[in-house]
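Please examine the sequence and the structure shown here before reading on.

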Amino acid sequence: MLGSNSILINTDAKGRRQSCVISGTPKPGTHMEIVPATNPNGSGLHTYRACSRADGTIGQLIVLLEDAEQGKTVSDAYVSGTVGKLYWPLPGDEFNLLMRDQPGTGTANIDNVGDLLAIDGATGMLQAAGTATQKPYQLLEDLTQDQTADSLIWVQCRGLQA
């Protein structure tokens with residue numbers, strides 16, 4: 001929800017929460033994937049990184065949450081090698097997720113309530129991608145001006161449907 005200080009917004013969320021080891025320096029609100037060919041650490045935690053698959057292709061939905069237990073906020077990037085908090089969403093869950101800065105100026109990148117969003121394969125952030133096969137989120141707020149930086153936006157999970 002606009003102005004919320006959490007990534008996961010709805011209090012009745014029933015998706016799966018999980019801890020992991022972080023690879024890189026992703027911010028909360030980024031989509032993550034397991035690092036291939038990497039065994040779990042001594043505590044049994046697998047290593048996750050920001051998504052790196054082709055834009056809008058099917059894959060697991062895993063959102064990086066803020067680590068409130070450690071006093072971290074939605075603005076605090078994780079440090080590589082630290083423990084991170086993951087959430088596996090279900091359709092209907094609402095989030096503040098990172099949307100990448102879209103190139104261009106003017107009204108070309110204005111998005112509206114109900115627009116469908118894909119996951120950017122290079123960053124793990126959301127993007128408005130008309131040609132993407134999978135668009136697992138819909139926008140719940142009007143973006144009335146061109147974004148000039150990556151920012152948190154209010155979305156709802158639709159699940160893995162085209």
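Which residues have the most contacts inside the largest nonpolar core?

## Nonpolar cores

The model is a predicted one: local features need pLDDT of at least 70, side-chain atom pairs count only at pLDDT 80 or more, and totals for chains, interfaces and linings use all residues. Residues are numbered from 1 along each chain as its sequence is written, and side-chain values use heavy atoms, with hydrogens and water left out.

The residues in question are Phe 95, Leu 97, Leu 117, Leu 126, Tyr 137, Ile 153 and Val 155, in a core of 20 residues. A nonpolar core is a set of buried Ala, Val, Leu, Ile, Met, Phe, Trp, Tyr and Cys residues joined through side-chain atoms within 4.5 Å. Buried means under 20% relative accessible area, exposed over 50%, and partly exposed in between (1.4 Å probe, protein chains only). Strands 4 (63–65), 6 (94–99), 7 (116–119), 9 (137–139) and 10 (151–157) each give two or more residues to this core. A second, separate core of 8 residues includes Met 32, Leu 64, Tyr 78 and Leu 86.

## Strands and their pairing

The protein has 0 helices and 10 strands. These elements are DSSP runs numbered from the N terminus: helices are H or I with at least four residues, strands E with at least two.

Two strands pair if DSSP finds at least two bridges between them. Strand 1 (residues 16–22) is antiparallel to strand 5 (residues 83–88), with 6 bridges; here Arg 17 has Tyr 87 as its bridge partner. Strand 1 also runs parallel to strand 3 (residues 47–50), through 2 bridges, and Ile 22 is partnered there by Tyr 48.

## Salt bridges

Side chains of opposite charge can pair when their charged atoms come close. A salt bridge is a side-chain nitrogen of Lys or Arg within 4 Å of a carboxyl oxygen of Asp or Glu, and the whole structure contains 3 of them. Glu 33 and Arg 49 form one, with the closest N and O atoms 2.8 Å apart. Because Glu 33 belongs to strand 2 (residues 32–34) and Arg 49 to strand 3, the pair ties together parts 16 residues apart in sequence. Glu 33 is buried at 14% relative accessibility, whereas Arg 49 is partly exposed at 28%.

Arg 100 forms a salt bridge with Asp 120, the closest N and O atoms being 3.5 Å apart. Arg 100 sits in the loop between strand 6 and strand 7, and Asp 120 in the loop between strand 7 and strand 8 (126–127). Asp 120 is buried, at 5% relative accessibility.
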